[in-house]
Amino acid sequence: MKAIMSVAPDNGSTPGQELEISFAENGLLRAVCGPADAHLRLLQRELGVRLAHTGSGITIRGDATRCRRAWSLLSQLGEVVRQGRSLYASDVEQAIRIIIQDDQVKLTEIFLDTVLVSSRRRPVTPLGLGQKRYIDALRRHDVVFAIGPAGTGKTYLAMAMAVAALQKQQVRRIVITRPAVEAGERLGFLPGDMLEKVNP
């Protein structure tokens with residue numbers, strides 16, 4: 001696969017700017033644009049720029065800062081695809097959130113950091129900067145404390161890392177425990193007589 005050929009963004013601060021990014025292969029361009037240009041429409045809506053599909057590339061028009069952000073994002077998404085990762089709408093949404101949060105981040109370090117490939121051949125990868133830092137901490141340290149709201153991937157990623165270590169024979173077994181301290185629910189036996197226990 002050939003490398004991505006890009007026109008670097010102008011660092012001037014003109015209010016309106018037009019940039020163009022071109023891809024060496026049409027397959028890369030199709031993957032970045034998405035089915036029926038769905039990814040481009042998503043990028044336009046979220047980044048506030050106008051994107052036009054032009055033969056072997058994409059033209060970006062709009063505010064200079066937003067154009068540079070879109071150029072960086074498209075360039076990095078192209079590199080992710082070039083390195084063999086499929087690109088879905090959810091990946092593009094996540095990439096937008098990451099770039100808005102930190103425009104210096106390298107998306108390849110996040111999207112290509114495969115923790116585990118599941119039995120359905122779907123890779124388990126971090127979905128953001130916080131999860132990437134968490135995965136890196138799990139790799140570097142024996143004990144990691146993760147604090148955060150429910151549904152942010154703390155247990156899922158820890159289990160994926162444990163299963164990956166088991167598959168690589170870095171560990172012999174996985175021990176799953178639960179806290180002995182109540183976390184908003186009563187642990188232990190149900191109170192009451194037999195009828196109340198069977199039919200609470």
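In what order do the 3 strands of the open sheet lie?

**View 1. The protein chain as a whole.** The protein chain of this predicted model holds 8 helices and 5 strands, and its elements follow one another from the N terminus as β-α-α-β-β-α-α-α-β-β-α-α-α. Of the 200 residues in the protein chain, 34% are buried, while the accessible surface amounts to about 13200 Å², with 52% of that area belonging to carbon and sulfur atoms. When contacts between residues at least 6 apart in sequence are considered, 51% of them join residues that are at least 24 apart.

**View 2. The open sheet of 3 strands.** The strands are arranged in the order β1-β3-β2, and their pairing is antiparallel. The edges are formed by β1 (17–22) and β2 (50–54), each of which pairs on one side only. Averaged over the sheet and with direction ignored, neighbouring strands are turned by 20 degrees against each other.

**View 3. The pairing of β2 with β3, and helix α2.** Strand β3, which spans residues 57–62, pairs with β2 in the antiparallel sense over 5 bridges. Within this pairing, Thr54 has Gly57 of β3 as its bridge partner. Helix α2 (residues 38–47) packs on the sheet, where α2 touches both β2 and β3, and the direction of this helix makes about 155 degrees with that of β2.

**View 4. Helix α3 across the sheet.** Helix α3 comprises residues 64–82 and includes Gln76. This helix lies across β1, β2 and β3, and α3 runs at about 5 degrees to β1.

View 5. Leaving aside residues up to four places away in sequence, Gln76 touches Ile99, Val105, Lys106 and Leu107. One of these residues, Val105, also provides a backbone oxygen that the side chain of Gln76 reaches at 3.3 Å.

Definitions and conventions:
Residues are numbered from 1 along each chain as its sequence is written. This is a predicted model: local features need pLDDT of at least 70, side-chain atom pairs count only at pLDDT 80 or more; totals for chains, interfaces and linings use all residues. Side-chain values use heavy atoms; hydrogens and water are left out. Helices (H or I, at least four residues) and strands (E, at least two) are DSSP runs, numbered from the N terminus. A polar contact is a pair of N or O atoms within 3.5 Å; within protein, one must be able to donate a hydrogen and the other to accept it, and residues adjacent in sequence count only if both atoms are side-chain atoms. Contact means heavy atoms within 4.5 Å. Buried means under 20% relative accessible area, exposed over 50%, partly exposed in between (1.4 Å probe, protein chains only). Accessible areas come from the Shrake-Rupley method with a 1.4 Å probe; for residues, only the protein chains shown count as cover. Two strands pair if DSSP finds at least two bridges between them. Axes are lines fitted to C-alpha atoms, for helices over the stretch in contact, and angles run from 0 to 180 degrees between N-to-C directions.
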